[in-house]
Amino acid sequence: MQFDLAFVTKVFAALFAIMNPIANVPVVLSLTEGASATAQQRTAVMATIGTTIGCFIAVLAGGMILAIFGISVNDFRLAGGLLVLLIALSMLQGTASHAHAATPKEKAEDLDPASVAIYPLTVPLLVGPGTIATLIVFAETARTQGKLTELAAGLGLFLALLAAALLSAPFLGRHLSQTATAITRRLMGMILAAVAMEMIVTSLRDLFPGLTR
């Protein structure tokens with residue numbers, strides 16, 4: 001079977017858009033403000049490991065968890081598409097969705113630098129509801145269409161880029177302007193909106209076959 005590079009690109013672009021390592025660099029720096037360089041590196045490594053574990057759980061066990069609750073993948077694809085679309089609309093408006101960000105109250109609290117790698121950096125900033133929904137849908141598509149290798153490639157490439165971005169956050173923070181961050185957020189919002197619409201349309205076609213006639 002031919003290697004589907006387009007599917008790899010779609011997985012990579014969707015994860016990049018929803019987790020947005022570049023736009024989240026200022027958030028990472030604010031969470032580790034005042035920490036030593038060693039502590040920042042340790043936080044980046046822990047966040048990368050936590051995100052990797054979270055992504056693999058969503059890919060490997062997401063379908064089984066849905067089955068336990070009696071939820072079909074098509075139903076979840078529709079709900080996930082709507083959720084991802086709301087996140088994309090927030091990004092297009094230049095704001096962070098509360099589904100993938102700490103609330104104002106949580107931001108005001110003094111967070112332990114040793115624990116920010118797990119919360120709120122890994123959950124919900126990186127591995128939030130939108131990420132989980134997207135990965136479950138892609139995993140089901142890969143299983144039904146025989147594209148598990150492409151899914152692994154797209155996920156692996158993104159996780160490698162995420163690790164590089166987190167580890168180099170102090171360097172990127174010195175060179176990324178607010179304008180560049182804002183442009184990146186909006187551009188990723190457009191890509192994410194397109195992914196969300198594809199999820200919604202695919203779900204509706206499967207749920208209501210008459211729509212394709």
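This is a predicted model: local features need pLDDT of at least 70, side-chain atom pairs count only at pLDDT 80 or more; totals for chains, interfaces and linings use all residues.

Q: Great. How many helices and strands does the chain have?
A: There are 10 helices and zero strands. Read from the N terminus, the elements go α-α-α-α-α-α-α-α-α-α.

Q: And how much of the chain is buried?
A: Of its 213 residues, 43% are buried. The chain exposes about 10900 Å², and carbon and sulfur atoms supply 68% of that area.

Q: What about contacts between residues at least 6 apart in sequence? How many of them join residues at least 24 apart?
A: That share is 89% in this chain.

Q: Let's look at a helix pair. At what angle do H1 and H8 pack?
A: The angle is about 35°, and the two axes are 8 Å apart. H1 covers residues 5–19 and H8 covers residues 148–167. The crossing of H1 past H8 is right-handed.

Q: Which residues meet there?
A: From H1, they are Phe 7, Val 8, Val 11, Phe 12, Leu 15, Phe 16 and Met 19. On the H8 side, they include Leu 151, Leu 155, Phe 158 and Leu 161. The residues of this contact divide into 13 nonpolar, one polar and one charged.

Q: Which residues of H8 are buried, and what covers them?
A: The buried ones include Glu 150, Leu 151, Gly 154, Leu 155 and Phe 158. Their cover includes H1, H2, H3, H6, H7 and H9.

Q: What is the reach of H8, end to end?
A: H8 has 20 residues and reaches 28 Å from its first C-alpha to its last, close to the 28 Å expected.

Q: What is buried in H10, and what covers it?
A: Among the buried residues are Thr 181, Arg 185, Met 188, Leu 192 and Ile 200. H1, H2, H4 and H7 are included in what covers them.

Q: Switching topic: where are the cis peptide bonds you'd point out?
A: One joins Tyr 119 and Pro 120, with omega about 5°. Another joins Val 123 and Pro 124, with omega about 10°. Pro 120 is in helix H6, and Pro 124 is found in helix H6 too.

Q: Where is Asn 20, and is it buried or exposed?
A: Asn 20 sits in the loop between H1 and H2. Asn 20 counts as buried because its relative accessibility is 4%, and the cut-off for buried is under 20%.

Q: Last one: what about Leu 125?
A: Leu 125 lies in helix H6 and is buried, with a relative accessible area of 7%. In sequence, Leu 125 and Ile 18 are 107 residues apart, yet their C-alpha atoms are 9.7 Å apart in space.

Key
Residues are numbered from 1 along each chain as its sequence is written. Side-chain values use heavy atoms; hydrogens and water are left out. Helices (H or I, at least four residues) and strands (E, at least two) are DSSP runs, numbered from the N terminus. Buried means under 20% relative accessible area, exposed over 50%, partly exposed in between (1.4 Å probe, protein chains only). Contact means heavy atoms within 4.5 Å. Accessible areas come from the Shrake-Rupley method with a 1.4 Å probe; for residues, only the protein chains shown count as cover. Axes are lines fitted to C-alpha atoms, for helices over the stretch in contact, and angles run from 0 to 180 degrees between N-to-C directions. A crossing is left-handed if the near helix is turned anticlockwise from the far one by less than a right angle, and right-handed if clockwise. Ala, Val, Leu, Ile, Met, Phe, Trp, Tyr, Cys and Pro count as nonpolar, Asp, Glu, Lys and Arg as charged, and the others, Gly among them, as polar. The expected span of a helix is 1.5 Å times one less than its number of residues.
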